[in-house]
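Colleague: Please take me through the contacts between the protein and the DNA strand in this model, with the cut-offs stated.

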2 protein chains.
Amino acid sequence: MAERFERIQASPAYQLVADAIEREILSGRIQPGERIGTEAALVEQFGVNRSTVREGIRLLEQSGLIRRDSSRRLYASLPRYAKLASRISRALLLHEVTFRELYETTMALEVASVRLAAERITPPQLQAIADNLARTEAALDDPRILSELDTEFHALIAEAAGNRVLQLAREPTSLLIYPTTQVIFEGSPRGPSRLLEAHSRLHAALAARDRQAAGVWMERHVVDWRKGFERAGKDLDTPVERVYMDHVMVGGSRL
Amino acid sequence: MAERFERIQASPAYQLVADAIEREILSGRIQPGERIGTEAALVEQFGVNRSTVREGIRLLEQSGLIRRDSSRRLYASLPRYAKLASRISRALLLHEVTFRELYETTMALEVASVRLAAERITPPQLQAIADNLARTEAALDDPRILSELDTEFHALIAEAAGNRVLQLAREPTSLLIYPTTQVIFEGSPRGPSRLLEAHSRLHAALAARDRQAAGVWMERHVVDWRKGFERAGKDLDTPVERVYMDHVMVGGSRL
DNA sequence: CGGCTTCGTATTGTCGGACAAACAGACGGT
DNA sequence: ACCGTCTGTTTGTCCGACAATACGAAGCCG
């Protein structure tokens, strides 16, 4: 039988409420920062019960388009990158992506980031990276701190690249892959010093605005991660494990 | 004044309900596909009112962790890539990212994708790309169809790369950037044939499993997009316009 | 005996109303 | 100008109710 009718979808009222409000925001008729009407007002506008309005609001609340300030009042809002990235990380985790997939993606994104950063980095950003480097040098014997500094280092570079799309694209992968350095370093005496050297070289390349060198060193650095990962007895083709995912947030607090 | 106390956050009950369920899913205690208890059961377990439970469920529903099948019953679910990508696109749109940011990111991700695809593409995937190519050739005078085929072409390559992380990373950017080809081609007589040539070359490189050639041609292809964009009188540093965003979905239907 | 229909029950979607807590803004006192 | 108080508003939570729909079991017919 031919497809005579297109599929009819009877969405519940709360969904329609959410869609209507979302449309207002996406189309720009409600500016970010502007207040959404009170529940009572929405009840009147939509002609539905307050419970229904509230359920619709909950749908949007999670998507980041709506935010509550201290007073619990609702404002239209720009979705926060950190929240989005965390959400994507969780999705990748649930889909059981492999470390190989993370590795390949990280390679592409980090190299692209550092090459752009070499062109655009500002003195304060360079200074921030130097600070990170100093702290890294002081924490060579603490894998936990080292792993956090490593994450920060790459985030700083991404920021210096001056590209928010690239920044958002790399963040979820970064959240999943960098925590593993902690485990890698716990059984690798030479690992920390190799990390420090790579970071130093990257900093130098950035300071010299040497796009080419920055890219090459980043590539080596990421390859080094893979080698360390394999040396730690892990297989690239195993799915990301939940164990590492301390930092994946749920409702503002750690999982 | 020093930060003496850490910020105290009193989350509403519906938020706690949502967090609790989310934790169950993320930790694996509830498997994807498994049913979430009925509202009545959750009311009993959490000791809160049904309205509260429902609001909590709405929070999760939007995040894709929970899905309703035809019967409206709730199942734990893996977040859909398409939905996530669409959501990210919308966020980028609201943040008014520039075409330059999209361009740079696309360059990195598409080149990486095609290089991997050259190694891993399977005969059926190659065939799908050949089909796309044939349809492209038949639609050279219709910018609208051409733009859709272009989007599909690159999605096929990303799929052939066999990397879900990379695939998800490029999807949001792709959703924003490829629709512009329609506008570009409307004033560019030679554009469509250039697109076809690039796609043909890419297909040939993939068929030959030539990683290097595939990367080079993709790079040229993306640069070509930029040139066309500028030739159409547009500035790379302008924010993405909502006008192009027909395909950004809200609640299952187009915006 | 198997397939189909029918009917009762379970579950969700929506509604109405109610109340406590927290907040914003106005008011008045010092 | 600063401080505390008061009041109306807004949100969070609860209770109860009912219609629509889906599911599952019982019954019917071939």
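Modeller: This is a predicted model, in which local features need pLDDT of at least 70, side-chain atom pairs count only at pLDDT 80 or more, and totals for chains, interfaces and linings use all residues. Residues are numbered from 1 along each chain as its sequence is written, chains are lettered from A and ligands numbered from 1 in the order in which they are written, and side-chain values use heavy atoms, with hydrogens and water left out.

Colleague: Which residues come nearest to DNA strand C?

Modeller: A residue is near a strand if one of its heavy atoms lies within 4 Å of it. DNA strand C has 17 residues around it. Those that come nearest are Ala13(A), Asn49(A), Thr52(A), Arg50(B) and Arg58(B).

Colleague: What is the distance from a phosphate oxygen of DNA strand C to a polar backbone atom of Asn49(A)?

Modeller: A polar contact is a pair of N or O atoms within 3.5 Å. For Asn49(A), the distance from the polar backbone atom is 2.8 Å.

Colleague: Which helix supplies the largest share of the surface near DNA strand C?

Modeller: Helices are DSSP runs (H or I, at least four residues), numbered from the N terminus. Helix H1 (13-26) and helix H3 (50-63) of chain A, and helix H3 (50-63) of chain B, each supply at least two residues of this surface. The largest share, three residues, comes from H3(B).

Terms used: A polar contact is a pair of N or O atoms within 3.5 Å; within protein, one must be able to donate a hydrogen and the other to accept it, and residues adjacent in sequence count only if both atoms are side-chain atoms.
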